[in-house]
Amino acid sequence: PVQLHIREAHGEAMEIMRARYKQSRLPRGIMHCFSGSAEGAKEVLRLGMYIGFTGVITFKNARRAVEAAAEIPLDRLLVETDCPYMAPEPFRGKRCDSTMLTRMIEKLAEIKGVNPQQFADQTFQNTCEIYRISSLMK
């Protein structure tokens, strides 16, 4: 799958994606480290992609990320570290690693109104789906 990491260029990136990928040939991929708006998330979803969030989702000033995450169906969400960057609260500014994923999972589960284990299980299934890892999906 294609993996895109776009910062401060969502409009331009979406123009390129729309021009490159017509309805007959949607990309299979991930919008990594998503920092766009709720409307931008809807457009990414229309393109058939998954959306990943990092520790930024836990920041007190992450209103835009929280609004975007609220609009994304559970079966299209992913959780990421963006190691070594984007550590969640209370580790903001420190080196991020996979031990901090539970912070993002807890925050996203809260936003989506599900328990953290259910959210973790779903994002695991989403990861298996996007990378076509069928042996783990059982």
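Predicted model: local features only at pLDDT ≥ 70, side-chain atom pairs only at ≥ 80, totals over all residues.
Helix H1 spans residues 10-20. Within H1, the residues His10, Ala13, Met14 and Met17 are buried. Viewed along the axis of H1, these buried residues fall within an arc of 100 degrees, so they line one face of the helix. The face turned away from the buried side of H1 carries exposed residues, namely Glu15, Ile16 and Ala19.

His10 is located in H1. The relative accessible area of His10 is 17%, and because the cut-off for a buried residue is under 20%, His10 is classed as buried. When residues up to four places away in sequence are not counted, His10 touches Phe34, Ser35, Gly36 and Arg64. A charged residue of helix H2, Glu43, has a relative accessibility of 18% and therefore also counts as buried. With residues up to four places away in sequence again left out, the contacts of Glu43 are Met14 and Arg18. Met14 is itself among the buried residues of H1.

Two packed helices are described by the angle between their axes and the distance between the axes. For helix H2 (residues 38-46) and helix H3 (residues 63-71), the axes come within 8 Å and cross at roughly 40 degrees. The crossing of H2 past H3 is right-handed. On the H2 side the contact is made by Ala38, Ala41, Lys42 and Leu45, which meet Glu67, Ala68 and Glu71 of H3. The residues of this contact comprise four nonpolar and three charged, with no polar residue.

A pair of aromatic rings is described by the distance of the centres and the angle of the planes. One aromatic pair was found in a search of the whole structure. It is formed by Phe34 and Phe53 in an edge-to-face arrangement, with 5.9 Å from centre to centre and 75 degrees between the planes. The pair links distant parts of the chain, as Phe34 lies in the loop between E2 and H2 and Phe53 lies in strand E3 (residues 50-53), 19 residues apart. Phe34 has a relative accessibility of 4% and counts as buried; Phe53, at 1%, likewise counts as buried. Phe34 is also one of the residues touched by His10.

Definitions and conventions: Residues numbered from 1 in each chain as written. Heavy atoms only, no water. Axes fitted to C-alpha atoms, helices over the stretch in contact; angles between N-to-C directions. Helix = DSSP H or I, 4+ residues; strand = E, 2+ residues; numbered from the N terminus. Left-handed = near helix turned anticlockwise from the far one by under 90°. Contact = heavy atoms within 4.5 Å. Buried < 20%, exposed > 50% of the residue type's maximum accessible area, 1.4 Å probe, protein only. Arc of directions from axis to C-beta. Phe/Tyr/Trp six-rings, centres within 6.5 Å; stacked < 30°, edge-to-face > 60°.
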